[in-house]
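Colleague: Could you show me how to read a protein model, feature by feature?
Modeller: Gladly. Here is the one to look at.

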Amino acid sequence: MTVSIAFFSGTGNTRHVAEQFAREIRARNHAVHVLEIGPNVKDGPIVGDLLILCFPVHAGNAPRPVLDWIAGQRGRSGLPTAVFSVSAGGTVIPNVASRVWVKRRLAHKGYEVVSEGMIVMPSNWIIPTKPAVANALLLALPHKVAFFTQQVLAGGGHRDCPGIGHRVLSALGRVEHAGARWFGQRIEVRTHCVGCGWCASHCPTGNIRMVEQRPRFGGRCAACLRCVYGCPQNALSPGMARFVVLAGGYDLQRLLQTRTNPTERDLNRESAGVVWIGVRRYLREAGRRC
Ligand SMILES: Cc1cc2nc3c(=O)[nH]c(=O)nc-3n(C[C@H](O)[C@H](O)[C@H](O)COP(=O)(O)O)c2cc1C
């Protein structure tokens, strides 16, 4: 079997999930073709016998580039497709219906969504995931991906049918698409920017160009935060919307390098509170007590 994995990622979480799927599928002797949804991707036909689509949850829905990418596809009638959303909060409000719009768009193009699921990764916005919980999530990932891979390759898995309230919330989340453009146009370039162009060459929507060694933002921002967290000089500030950015930054590679096995005590303490209900449930399902 040949499996195509398409993903969109801002700060690397979904890329890491997609790479984990690729490793798992290759280990089962199938061929894998990985494709990052970005400005340089040609809308060619999806190759293979199965498509896995992964994207981060933005305001209870998919980021705009994911929906645009599907809209630009020629479609492959009946191609079995699995959809995975990657969130910080798990299957709770507003994330419950986070795959509904993607599934609808895929169905419109003839893809047959056979399976779906949620992966939880450390948060890159507003509220940081505490270290013990972040570690537990990273340790749980291979097990979650192995479980989903087995289901998908066997032609199984499940499909959700969220209630109308969740669908409405997810639809409202599409306001984020307009908000993201607004966000991008208000990113301030601080005086210590050295004009290295890192942001322009790494923006996943091709929204930044360098003009006289200063980044200039267009109207295609997806608010993925890659430029803000990744700027080598920490010279980009989202102005009024700076509350969405974690004060300590977000660096998945550093989290992966310093990964440790958290104690149950730390995990219980750090995952307390209503915000983390979905994360606790996710970790419990993955075999962690908390
Ligand atoms: C603009 C924006 C909106 C987000 N909205 C949600 C949300 O509604 N629910 C949630 O659980 N996480 C939300 N997140 C967190 C991301 O879904 C999560 O951290 C994800 O793993 C990031 O993946 P990435 O690194 O591939 O971009 C949001 C992140 C951003 C940047």
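Modeller: Two notes before we start. This is a predicted model, where local features need pLDDT of at least 70, side-chain atom pairs count only at pLDDT 80 or more, and totals for chains, interfaces and linings use all residues. Residues are numbered from 1 along each chain as its sequence is written.

Colleague: Into which domains is the protein chain divided?
Modeller: Domain bounds come from an automatic or database domain assignment. Here the chain splits into domain 1 (2–162) and domain 2 (175–252). Their centres, taken over C-alpha atoms, are 24 Å apart. Domain 1 puts 18 residues into the contact, and domain 2 puts in 18 residues. Two residues are in contact if their C-beta atoms, placed from the backbone, lie within 7 Å.

Colleague: Which elements give two or more residues to the side of domain 1 that touches domain 2?
Modeller: Those are α1 and α2. Helices (H or I, at least four residues) and strands (E, at least two) are DSSP runs, numbered from the N terminus. That side of domain 1 holds 8 nonpolar, 9 polar and 1 charged residues. Ala, Val, Leu, Ile, Met, Phe, Trp, Tyr, Cys and Pro count as nonpolar, Asp, Glu, Lys and Arg as charged, and the others, Gly among them, as polar.

Colleague: Why does the ligand lie between the domains?
Modeller: Both domain 1 and domain 2 give residues to the shell around the ligand, so it lies between them. A residue is near a molecule if its C-beta atom, placed from the backbone, lies within 6 Å of it. There are 24 residues around the ligand, and G10, N13, T14, P56 and G89 come nearest. α1 (13–27) and β4 each supply at least two residues of this shell. The shell has 11 nonpolar residues, 13 polar and no charged.

Colleague: How many residues has the largest nonpolar core?
Modeller: A nonpolar core is a set of buried Ala, Val, Leu, Ile, Met, Phe, Trp, Tyr and Cys residues joined through C-beta atoms within 7 Å. Buried means 20 or more other C-beta atoms within 10 Å of the residue's own; exposed means 12 or fewer; partly exposed is in between, with C-beta atoms placed from the backbone. The largest core has 56 residues, and I5, I52, C54 and F84 have the most contacts inside it. Helix α4 (residues 131–153) gives the most, with 8 residues. A second, separate core has 17 residues, including C221, A222, C224 and A235.

Colleague: What does I5 touch?
Modeller: Leave out residues up to four places away in sequence, and I5 touches A18, F21, A22, V32, V34, I52 and C54.

Colleague: In which sense do β7 and β8 pair?
Modeller: Two strands pair if DSSP finds at least two bridges between them. β7 and β8 pair in the antiparallel sense, over 4 bridges. They form a hairpin with 2 residues between them. V211 has R214 in β8 as its bridge partner.

Colleague: Are A59 and E212 buried or exposed?
Modeller: A59 is buried, because 21 other C-beta atoms lie within 10 Å. E212 counts as exposed, because it has 6 C-beta neighbours inside 10 Å.
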